[in-house]
Amino acid sequence: MKKPRARDLGIPFDGTPGPLNAITDVASVEVGHTTIVSGEGELQVGVGPVRTGVTAILPRGKQSIAPCFAGWFSLNGNGEMTGTTWVEESGFLESPVMITNTHSVGIVRDSVIAWYVRERQRPGLNTFGEDFWSLPVVGETYDGYLNDINGFHVREEHVFEALSGASAANVEEGSVGGGTGMICYQFKGGIGTASRVLDEEQGGYTLGVLAQCNFGLRRQLLVAGVPVGREIPEELPGPATESTAIGDIGSVIVVVATDAPLLPHQLKRIARRVGMGLARTGSVAGNSSGDIFLAFSTANPEAAEAPTSRVEVLNNNNITPLFEATVQATEEAVINALVAADTMIGRDNHRVIGLPHARLQEVLRKYNRLGKGANSV
């Protein structure tokens with residue numbers, strides 16, 4: 001049975017989504033997940049329980065290695081995204097974007113290089129040469145509450161699986177890939193995605209967002225402007241501590257893709273707007289949260305190929321609809337992650353509940369924010 005998404009539950013969102021309402025609505029973008037789940041009960045480091053994985057985003061799919069114009073932004077830097085100094089310097093994204101848990105960044109980074117070295121033998125991708133080098137982009141969020149994070153369970157084969165299995169089809173959401181063990185607003189979190197298509201008079205461009213959500217306190221959660229977190233205060237994960245009582249915890253990695261012809265400085269501006277979408281769900285980007293965003297454009301595929309290139313560029317006077325699309329799609333991606341994620345029990349029998357759909361609808365109805373035609377659950 002297909003899981004409902006946020007719109008299926010009657011949650012109202014602004015803007016027009018693409019056919020899949022996913023980052024893969026942007027032509028050529030592919031997404032793959034490897035989900036690693038095993039064991040239960042008390043933590044045994046190196047054994048489990050394991051609740052983790054890897055997510056891969058390939059900007060031009062597996063058939064092209066052409067760089068993309070890109071920009072990145074750190075709203076709060078208690079986190080990691082490798083390769084971003086070269087993105088900043090060069091203006092190009094030259095690798096897939098990978099997302100995993102905090103203590104697996106190194107193996108994922110190295111495995112991406114190994115995957116490319118293997119793939120260069122494949123016809124059509126043998127342009128690397130013997131002097132091939134790469135600075136892969138790998139982001140992380142912390143899953144140690146549910147996962148044996150110090151057991152280093154993500155391995156090269158898991159990275160290869162996520163990359164090789166990536167596709168432009170529907171993107172699985174919730175407790176999958178890098179989002180397997182994540183927690184969002186003290187509900188079960190994980191992977192969420194959404195997209196927006198602009199009107200023809202605004203260029204008709206498509207913009208998609210994928211988020212790995214592992215941030216926020218229950219009392220902060222807003223859904224369609226409604227204080228859902230305050231209305232569903234029960235079953236918080238773990239004992240109340242000073243840090244969870246007064247500050248934001250966790251992290252969020254957000255990747256924005258678009259087919260609009262934007263230059264790196266414009267894409268950095270897009271990346272900055274992600275924070276406004278997160279704020280619409282209640283985020284305050286607290287001190288201990290790593291909120292790191294990257295945006296890339298699939299336009300101008302030959303920009304990095306020739307000694308000189310002519311590129312198409314959107315006038316800044318026409319960029320505001322893309323800012324709005326970013327905010328809208330980010331908000332919906334986060335709520336999609338929450339709606340998709342089921343209750344999970346992990347290490348030491350730690351239990352994190354999924355956002356209860358019926359309760360969510362009840363709260364939205366109370367505030368007169370439940371959309372017409374909502375599917376009952």
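How are helices H6 and H7 oriented to each other?

1. The axes of H6 (residues 264–279) and H7 (residues 320–340) come within 8 Å and cross at roughly 45°; axes are lines fitted to C-alpha atoms over the stretch in contact, with angles from 0 to 180 degrees between N-to-C directions. The two helices are therefore oblique to each other, a class left after roughly parallel (under 35 degrees), roughly antiparallel (over 145) and roughly perpendicular (65 to 115). Helices are DSSP runs of H or I with at least four residues, and strands are E runs of at least two, numbered from the N terminus.

2. This is a predicted model, in which local features need pLDDT of at least 70 and side-chain atom pairs pLDDT 80 or more, while totals for chains, interfaces and linings use all residues. Residues are numbered from 1 along each chain as its sequence is written, and side-chain values use heavy atoms, without hydrogens and water.

3. In the contact (heavy atoms within 4.5 Å), residues of H6 including Arg269, Ile270 and Arg273 meet residues of H7, among them Leu322, Phe323 and Glu331. The contact comprises eight nonpolar, three polar and three charged residues. Here Ala, Val, Leu, Ile, Met, Phe, Trp, Tyr, Cys and Pro count as nonpolar, Asp, Glu, Lys and Arg as charged, and the others, Gly among them, as polar.

4. Helix H1 (84–90) and strand S4 (92–93) each supply at least two residues to the lining of the second largest pocket. A pocket is an open set of points on a 1 Å grid over the protein atoms alone, with protein on both sides within 12 Å along at least five of seven lines, and lining residues have an atom within 4 Å of a point. By class, this lining holds 15 nonpolar, five polar and two charged residues.
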